[in-house]
Amino acid sequence: MKDINVINFFEENNLNFSSKFKLGVTNLPSNLDFGKEINDIKIDELHANMKFTFSNPEFSGLGDKFEWAKSAILLTYNYKNKTQPSMFTSPGHGQIARFAEKDYYLPLKNKINEIEQVFENLNIKFKSFIDNPNHYDRTFFVSSGLGWQGKSTMMLTPGSGPWQLLATIYVDRKFKESEIKNYSCGECNLCQISCPTGALNSEYKLDSNKCISYWLQSPEVIPYEIRNAIGNKFYGCDDCLTSCPPGQNNKNVVIFNKNQQVKLEDIIKEDNEKLNKTFYWFYIPKRDAEYLKRNAIIALGNNPDQNTSNFLEQIYPKSSSHLKIYILWALVKSGNNDLCKNLVELFDSEDKSIKKEYEKLKVMIS
Ligand code: B12
Ligand code: SF4
Ligand code: SF4
C-alpha cells in the first residue's frame, strides 16, 4: 500500500494547519539515538545538574521508543509574530524572552489534542510528547526534513529560524516520509558572538552552567558574574535567537514590545500566589514566585530607574533572607554601599547568612 501524505491524511479527517504549524515525518524504526549525546553533556557536567531529559538519557534520547510505532510526526509551532523580537526595555523594566511573552505552548498543545482526537476516532495507537522529560523533542527534527540544528543548538527552519516550539507524536501508522534537506549554518557564528556569557563557546554545544536561560529558572544562588550578564532579563534569554540570521526579517528596527516588558517594581511588590497565576506558563522552581522576584531584583539592579534605590530600601526590612542578598547586591551595583551597611546593621546584625553575604559584597566593591 502506498504511504499516505500526512497533511492529506489530516485534511481528509477535517484537520487543517495554519501557516504557523509545520509537520514532518520520520519512518520507524529510525535508528536515531541521542542517548549518548545527552549523556556526554551530563558526563561533561554541561547540564548544570538539571533533571529533564538528563534523568534517563537512554530513554529520552532514544528515537525507537515504542515497538508498535511506525512513524514519528514532528509538529512545530512558529511563535515569531509580526512584531520584531525586542531586546530593549525602559529603565526599571525587565524583559521576557519571546517564547514566554504568552503561553505559546497552548496553541501547540491544542493542535496535538486535535491530532490525538483524529487518531482516537480511527482507533490508531499514538503517544505524544511536548517538553516532557521522557523525550528529547529535537530527536526527529532533522530527519523529518524541517531544517537543521544550529551552532546555538537551536533547531532552525528557513523563514522561522529558531522561533519555534516542538512536539512529537509517535503513531502506529506509516505515513510518507519527509525528504531531508541539506541546510547548515555555514560560516555564520553570530549566536556565539552574541551570547553574553560564553555559553556557546563550543559550537553546537551549550554549557548550561553559563546559560542565562538556565539561571533564571534555577533555584540555586546566582553567581555575581551571571547576575551582571543577565542585564535587563526577567525570564528566558533570546540573545542567541535574536542574532540568528535565518530568523530575522529584512528590516531590523529598534523597538519596544510591550508584551515582552514587565515593570520590575510591580513584580517585586506582587503577591506570590497572584504572580504564579499571572505567569502560569513559566517554569518556576517549586512554583515558588520568590524566584521570579529574585529575577526581577537582579534585572532592576542592572536596569534601575530613578526610584530604584528608595524602592529597594523600603522593601528590604520585610523581604525574605533569600531576597535580601539580591537586594544588597542590587544596591551595591548602584553605588549605595553606605545604605547597604546601614540596612544590615539595622535589621540583620544577628543574621549570619546575610552578614556573610555582605562581607562577600564588600570584597566585590573593593
Ligand atoms: C533542558 C532544556 C533547556 C536547557 C538546556 C538547553 C540545551 N540546549 O540543551 C536550558 C534551560 C538552558 C534551555 C534553554 C532554552 N530552551 Co530549552 N529545553 C530543554 C529541554 C527540556 C531538554 C533539552 C535537552 O535534552 N538537551 C540536551 C542536549 C544534549 O541537547 P542539545 O544541546 O540539543 O544537544 C545536541 C547538540 O549538542 C548536538 N551536537 C553536538 N555536537 C554537534 C556537532 C554538530 C555538527 C551538530 C549538527 C550537532 C552537534 O548533539 C546533541 C544531540 O542532538 C527541551 C525539551 C525536551 N524535552 O526536549 C527544551 C527545548 C530544547 N528548549 C527550547 C527553548 C525554546 C529554549 C530557549 C530558546 C528558551 C529561552 N528563550 O530562554 C532556550 C534556548 C537556549 C539554547 N541555546 O538552547 C525548545 C527549543 C526549540 C528549538 N527550536 O530548538 C525545546 C525543544 C522545547 C520545545 N518543546 O520546544 N532549555
Ligand atoms: S540563551 Fe542566552 S545565555 Fe543561553 S546560550 Fe543563548 S545567548 Fe547564551
Ligand atoms: S546565528 Fe548563525 S551560527 Fe548561530 S544558529 Fe543561527 S545561523 Fe547558525
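Author: A residue is buried if 20 or more other C-beta atoms, placed from the backbone, lie within 10 Å of its own, exposed if 12 or fewer, and partly exposed in between. The model is predicted, so local features need pLDDT of at least 70 and side-chain atom pairs pLDDT 80 or more, while totals for chains, interfaces and linings use all residues. Residues are numbered from 1 along each chain as its sequence is written, and chains are lettered from A and ligands numbered from 1 in the order in which they are written.

Reader: Why is R287 called exposed?

Author: R287 has 12 other C-beta atoms within 10 Å. The cut-off for exposed is 12 or fewer, so R287 is exposed.

Reader: What makes N49 exposed?

Author: N49 has 12 other C-beta atoms within 10 Å, and therefore counts as exposed. N49 sits in the loop between helix 2 and helix 3 (57-60), and its phi, near 65 degrees, is positive.

Reader: What kind of peptide bond runs from L28 to P29?

Author: That bond from L28 to P29 is cis, with omega near 0 degrees. Most peptide bonds are trans. P29 belongs to the loop between strand 1 (21-27) and helix 2.

Reader: How do you know that the radius of gyration of the protein agrees with a compact globule?

Author: The rule is 2.2 Å times the number of residues to the power 0.38, and the radius is taken over C-alpha atoms. With 366 residues the rule gives a value near 21 Å; the protein has 23 Å, which agrees.

Reader: What makes up the largest nonpolar core?

Author: A nonpolar core is a set of buried Ala, Val, Leu, Ile, Met, Phe, Trp, Tyr and Cys residues joined through C-beta atoms within 7 Å. The largest has 84 residues, and I73 and A296 have the most contacts inside it.

Reader: Which residues does A296 contact, leaving aside its neighbours within four places in sequence?

Author: A296 is in contact with G94, F234, L264, I267 and I268; contact requires C-beta atoms, placed from the backbone, within 7 Å.

Key. Contact = placed C-beta atoms within 7 Å. Helix = DSSP H or I, 4+ residues; strand = E, 2+ residues; numbered from the N terminus.
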